[in-house]
Amino acid sequence: MDNNSLLQKNGQMGRAIHKPEEITAQFPCERYLIANTRHGTEMKEQLLRLGIQSGNILICDNEEFLLRKIFVKAGQYIEA
């Protein structure tokens, strides 16, 4: 999911990229993880405007955590 219309049109790394409005309309009760060190607050505000409950939005903006725990290679966590 991304606001970038070029990514929505062309995808990225062979994967489709959808508009936030499409995803939130299709999955209004799901949990959303924002993994962004710069724009997390703005992204959360957009999700709130699209009707997602605050308790279903988690912002992970700790760069060290993102680098050590979130990025996965071949199903295994990478420990730096």
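Predicted model: local features only at pLDDT ≥ 70, side-chain atom pairs only at ≥ 80, totals over all residues.

Student: Ok, where does Ile17 sit?

Tutor: Ile17 lies in the loop between α1 (5-10) and α2 (20-26).

Student: And is Ile17 buried or exposed?

Tutor: Ile17 counts as buried, because its relative accessibility is 15% and the cut-off for buried is under 20%.

Student: What does Ile17 touch, skipping residues up to four places away in sequence?

Tutor: With those left out, Ile17 touches Met1, Asp2, Leu7, Gln8, Gly11 and Gln12. Take Leu7: ten residues separate it from Ile17 in sequence, and the C-alpha to C-alpha distance is 6.1 Å.

Student: Switching topic. Which helix has Gln46?

Tutor: Gln46 belongs to helix α3, residues 40-49.

Student: Buried or exposed, that Gln46?

Tutor: Gln46 is buried, since its relative accessibility comes to 15%.

Student: So what is Gln46 in contact with, leaving aside neighbours within four places in sequence?

Tutor: Beyond those neighbours, Gln46 contacts Asn3, Pro20 and Glu21.

Student: Now the cysteines. How many disulfides do you count?

Tutor: The count is zero disulfides, taking a pair of cysteine sulfur atoms within 2.5 Å as the rule.

Student: What about Cys29, buried or exposed?

Tutor: Cys29 is exposed, because its relative accessible area is 66% and exposed means over 50%.

Student: And Cys60, buried or exposed?

Tutor: Cys60 is buried, with a relative accessible area of 9%.

Methods: Residues numbered from 1 in each chain as written. Heavy atoms only, no water. Helix = DSSP H or I, 4+ residues; strand = E, 2+ residues; numbered from the N terminus. Buried < 20%, exposed > 50% of the residue type's maximum accessible area, 1.4 Å probe, protein only. Contact = heavy atoms within 4.5 Å.
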